[in-house]
Amino acid sequence: MMAQYLALKEQAADCLLFYRMGDFFELFFDDAKIAAQVLDIALTSRGEHGGAPIPMCGVPVHSAEGYLARLIKAGCRVAIAEQVETPEEAKKRGGSKALVARDIVRFVTAGTLTEEALLEPRRANVLAAVCEVRGVIGVAACDISTGRMELEECSADQMGAALARLGASEVVASDSWDQAPVDCVPRPNRSFSSDEGETRLKALHGVSTLDGFGQFTRAMLAAAGGLITYLDHVGRGALPLLLPPVAREAGTHMAMDEATRASLEILVSSTGTRRGSLVEAIDRCVTGAGARLLAEDLSAPLTDARAINRRLELVSWLHDDPLLRGDIRGILRALPDVGRALGRVVAGRGSPRDLGQLRDGLSEARRLHDLLRARSDLPEPMVSLLPALSGHGALTDLYARALVPAPPTERSQGGFIAEGYDAGLDELRRVSGNARRAIAALEAKYRDETGIAALKIRHNGVLGYFIEVPAKHGDRLMAPDSGFTHRQTMAGAVRFNALALHEEASRIAESGGHSLAAEEAHFEDLVGHAVRAREAIAATAAALARIDVAAGQAERAAEGGWALPRVVDEPCLEITGGRHPVVEAALAAKGDRFVANDCYLNTPRPARAEPVEAPPRNAHPSTSSGWAGGAGAGTSRLWLVGGPNMGGKSTFLRQNALIVLLAQAGGFVPAQAAKVGMVDRLFSRVGAADNLARGRSTFMVEMVETAAILSQATERSFVILDEVGRGTSTYDGLALAWAVAEAVHSINRCRCLFATHYHELARLAETCDALSLHHVRAREWKGDLVLLHELAEGPADKSYGLAVARLAGVPAPVIKRARSVLDKLEKGRAATGGLAAGLGDLPLFAAAIEAAEEKVDALRERLNGLDIDALSPREALDLLYELKAQANG
């Protein structure tokens, strides 16, 4: 046995091997040690190998899914080794001592799960493959639980952003690629062949050309080849559901890098969970498929105005008709997960219950179709979805006749084919039922004949049917002429058999075996019908998910008083009364209200009255936002926002980024009104943390993210920057913040919100015509700091750092000492002109660059004209002094 195990373990490689032994999956050696620690189960030992006991542990087969889920979550991969022949077949093959043959039937990995118990209902489970072809990165991604497959290509510097958008549970890449993603699963390089990928896709979908699915580049096809080869490997030759591939075109979705996604907490919060994320605050979907599609929409907002407006039209229609919306959501709420049930059926892991879910889900889709078709005011997007909700009448009728109302999850015991579907099966069941009644009659007969009232006919898996009497009556049935045959003696009972019982038991076993075989044959036939209709069923599941997303978005908008945004092509941003959806929800849970604020970039600001000073209120007052004298002001695309910590700067920055994201994802936004100019790339540099695994400090992480923004942001991008330069010395930080603000203003020329504590940056307003100054308002009242969370125009008057420190609980003596140090520093700054002394004399950013380039060019011309071989050592030294003097000006 151990030789068989070791041979299988060699095939399993770095996977934990679940080795089937009877009713348990056993693990040995290091696999057992790892599993015992992760699963918190007992580690034992058996026998010896190499003179040492063999560590082992095991899990019951019937509850293996729960253990698999914990192992996968812990980052393990598992190979399942099952018995591939019966003990009887093994004896025929090799005699009474022959070992039952086993083989690995499947690899269970994070990206290849289909079981309902192993998947999160509201989160897609994506497997991705990446490769490089002539400097271009190909990406293939699929969710095998639903079959959706997408292919795309990108530049090498955009691979991280593409994988961050996909949020893949598992990534495979070539084992010979130096630039492969960290923690990827290495696969042979030959798997990533564009020719092989094209051939496999054609064979998979039974076509001679892929042109009907879209235009796919060699990089896309190579990645697809690697993906399908890996799926073939983990499924041991059995491929899961894979729908025709969809080509994702470059530039059709808003680009966001990994840092931006983490900063905005789109799908997971800073704690690594869904709680506190944007999707949690937005999600009002009533189906798992809808929630997964919503997460996909938020991960990849659109940049096509027509596609965005189609989504908004559908959401708006449902928003304006709450009664219809309620009816639709009521139907959707009762739906099973059709897409994932189909995935399990096509992958060969389906159950009678999955077929029942297809029946019920497709029937409800038809009911929804009939409800909507009766409407005369359907918007065009809903009209285009209607055909996918019908067309399954023959299949649902077949399943309605063939399956019982509530099919079981296991098919091994039968009982899922409805009575009346198969007359032969009904007869087998009748014979089996009659035989059981005959056994009950035999029990009564034997009691009368023997006079033993305690006599019972029982059944177990070893003996089958047997007669059991208390031990004190055993001798009476032991007599040779009694008609009973002794089978087993127990401590308090004796067991017997009889000819009539044996005949009835044989009839039960025979009819039961035939009925199970008949049900199994029907199951395979029913599965075949679903497999042949898989693309149409998947289209229905997709249409149901899209309707659920639209209805959920409409429900969230009605619940929060959100506005329908206007998405336009001009690079502007007009937000009136904007709020942060996650923060607002958190405050509402505590009974507080969010303070809304406006944002106007690259567009004239409406005139607002000067806010009237009022006595301090609580930390989150209910108030309308306002401008301090914004009337008649010009346009600006860069806002410099100052003010104290905890005043709401970061919230203001993030809420506007999220409003842009939500608008381009096709939903309402948390604002009174919003006009959003199309954003091609969204960047967020808000907060940072050490990345010790890559040897980067907080400041290094901040600079890497800032560098990405400065090199990639275009005039159509939207950037939020918070406290650039805070991780180094005051002078270095101010210099960097100054230069970054100038570059964003003069070079990138994008819409940008820039929060800072450097008051000196206010001097930039003198030279940057598209920059305006703003601050979050705060007041000190009787020694206490009151944060108003309102945005006003103009620079911040002070930082209130000591007041915030006092709020945080810093001891009073420390605050007092800090105040004395601050007084001295401020007097020194006043005397010397402060940190910003002389900055007003700096040339503009572009002029400074031109001057530097001119200086460098002059030196280059002088050097290019030299004949170095003709110089003597003395001449060379003199020339170096001369060039140095020239470089220093």
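Student: Which element gives the most to the lining of the largest cavity?
Tutor: This is a predicted model, with local features needing pLDDT of at least 70, side-chain atom pairs counting only at pLDDT 80 or more, and totals for chains, interfaces and linings using all residues. Residues are numbered from 1 along each chain as its sequence is written, and side-chain values use heavy atoms, leaving out hydrogens and water. The lining includes T287, L335, P336, A541, L544 and A545, and the elements giving two or more residues are α13 (338-346) and α20. With 3 residues, the top giver is α20.

Student: What volume does the largest cavity have?
Tutor: A cavity is a set of points, on a 1 Å grid over the protein atoms alone, where a 1.4 Å probe fits but cannot get out; lining residues have an atom within 4 Å of a point. The structure holds 5 cavities of 30 Å³ or more. The largest cavity comes to about 80 Å³.

Student: How many nonpolar residues are in that lining?
Tutor: Ala, Val, Leu, Ile, Met, Phe, Trp, Tyr, Cys and Pro count as nonpolar, Asp, Glu, Lys and Arg as charged, and the others, Gly among them, as polar. The lining of the largest cavity has 2 polar and 1 charged residues, and its nonpolar residues number 7.

Student: How is α10 oriented to α20, parallel or perpendicular?
Tutor: Helix α10 (residues 288-299) and helix α20 (residues 534-560) pack at an angle of about 75°, with their axes 8 Å apart. Angles of 65 to 115 degrees count as roughly perpendicular, under 35 as roughly parallel, over 145 as roughly antiparallel and the rest as oblique. So α10 is, to α20, roughly perpendicular.

Student: Which residues of α20 meet α10?
Tutor: Contact means heavy atoms within 4.5 Å. On the α10 side there are A289, G290, L293, L294 and D297, and they meet A545, R546, D548, V549 and Q553 of α20.

Student: And how do α17 and α19 run, parallel or antiparallel?
Tutor: Helix α17 (residues 423-450) and helix α19 (residues 499-532) have axes 9 Å apart and an angle of about 155°. The two are therefore roughly antiparallel.

Student: Back to open spaces: which residues lie nearest the centre of the second largest pocket?
Tutor: That pocket has a volume of about 1200 Å³. By class, its lining has 9 nonpolar, 8 polar and 12 charged residues. Of the 29 lining residues, nearest the centre are E65, R106, E115, R349 and E410.

Notes:
Axes are lines fitted to C-alpha atoms, for helices over the stretch in contact, and angles run from 0 to 180 degrees between N-to-C directions. Helices (H or I, at least four residues) and strands (E, at least two) are DSSP runs, numbered from the N terminus. On a 1 Å grid over the protein atoms alone, a cavity is a set of points where a 1.4 Å probe fits but cannot get out, and a pocket is an open set with protein on both sides within 12 Å along at least five of seven lines; lining residues have an atom within 4 Å of a point. Grid points are joined across faces, edges and corners, and a volume is the space filled by probe spheres set on the points.
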